[in-house]
Amino acid sequence: MGLGGNHLFGSIGETRVTFVEKGVDENRRDFLKNLLEVNGFEVVIGEDKIKTEGDPQMYTVAVTDMTFNPTVSVFERHLKTPDGRIVSQDYWNQKTEETNPHYWKYCN
């Protein structure tokens, strides 16, 4: 899903949630879970149905805060890394551990 701007919500089990990302692998699931918990969110993980035998298990990551919007939180600089730096779009997308610049790389 990534940063798309839409505020998607629904349920995982009996819990009403705001979806953060759907169809993510185990590595992405763990990254988002850690990042969101560091920022004080209660994270709910759902296992997606496996479509065909042999496909890897994919997950849905969500939070119980119905007002949370990942795009707004990243671009309004509300989220922090575990070591206290502001989360950038590239950090959120796991393109880099670097958090500067906060929105995009400048083209020369």
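**Close-up views of the predicted model**

**View 1. A lysine placed over a phenylalanine ring.** Lys-22 lies over the face of Phe-19, at 4.2 Å from the ring centre. The structure shown here is a predicted model. Phe-19 also belongs to a separate core of five residues, which includes Ile-12, Val-17 and Val-44 as well.

**View 2. An arginine placed over a tyrosine ring.** Arg-29 is positioned over the face of Tyr-59, and the distance to the ring centre is 4.4 Å.

View 3. Two aromatic pairs are found in a search of the whole structure. In one of them, Phe-31 and Tyr-91 are tilted, with 5.6 Å from centre to centre and 50 degrees between the planes.

**View 4. The largest nonpolar core.** This core comprises 18 residues, of which Val-20, Leu-36 and Trp-92 touch the most other members. The greatest contribution is that of H1, with four residues.

**View 5. The surroundings of Trp-92.** Neighbours within four places in sequence are left aside in this view. Among the residues in contact with Trp-92 are Val-20, Phe-31, Leu-32, Leu-35 and Leu-36. The contacts of Trp-92 also include Glu-21 and Arg-28, together with Pro-70, Val-74, Leu-79 and Val-87. Leu-3 is a further contact of Trp-92.

View 6. Leu-3 is located in the segment before strand S1 (9–12). Although Leu-3 and Trp-92 are 89 residues apart along the chain, their C-alpha atoms are separated by 8.6 Å. With neighbours within four places in sequence again excluded, Leu-3 is in contact with Pro-70, Thr-71, Val-74, Phe-75, Gln-89 and Trp-92.

**View 7. The protein chain as the setting for the close-ups.** The chain contains three helices and four strands, in the order β-β-α-β-β-α-α from the N terminus. Of its 108 residues, 36% are buried. Among contacts with a separation of 6 or more, 52% involve residues 24 or more positions apart. The accessible surface of the chain is about 6700 Å², and 48% of this belongs to carbon and sulfur atoms.

Technical notes: Residues numbered from 1 in each chain as written. Predicted model: local features only at pLDDT ≥ 70, side-chain atom pairs only at ≥ 80, totals over all residues. Heavy atoms only, no water. Phe/Tyr/Trp six-rings, centres within 6.5 Å; stacked < 30°, edge-to-face > 60°. Lys NZ or Arg CZ within 6 Å of the ring centre and 35° of its normal. Core = buried A, V, L, I, M, F, W, Y, C linked by side-chain atoms within 4.5 Å. Buried < 20%, exposed > 50% of the residue type's maximum accessible area, 1.4 Å probe, protein only. Helix = DSSP H or I, 4+ residues; strand = E, 2+ residues; numbered from the N terminus. Contact = heavy atoms within 4.5 Å. Areas by Shrake-Rupley, 256 points an atom, 1.4 Å probe, with all protein chains shown as cover.
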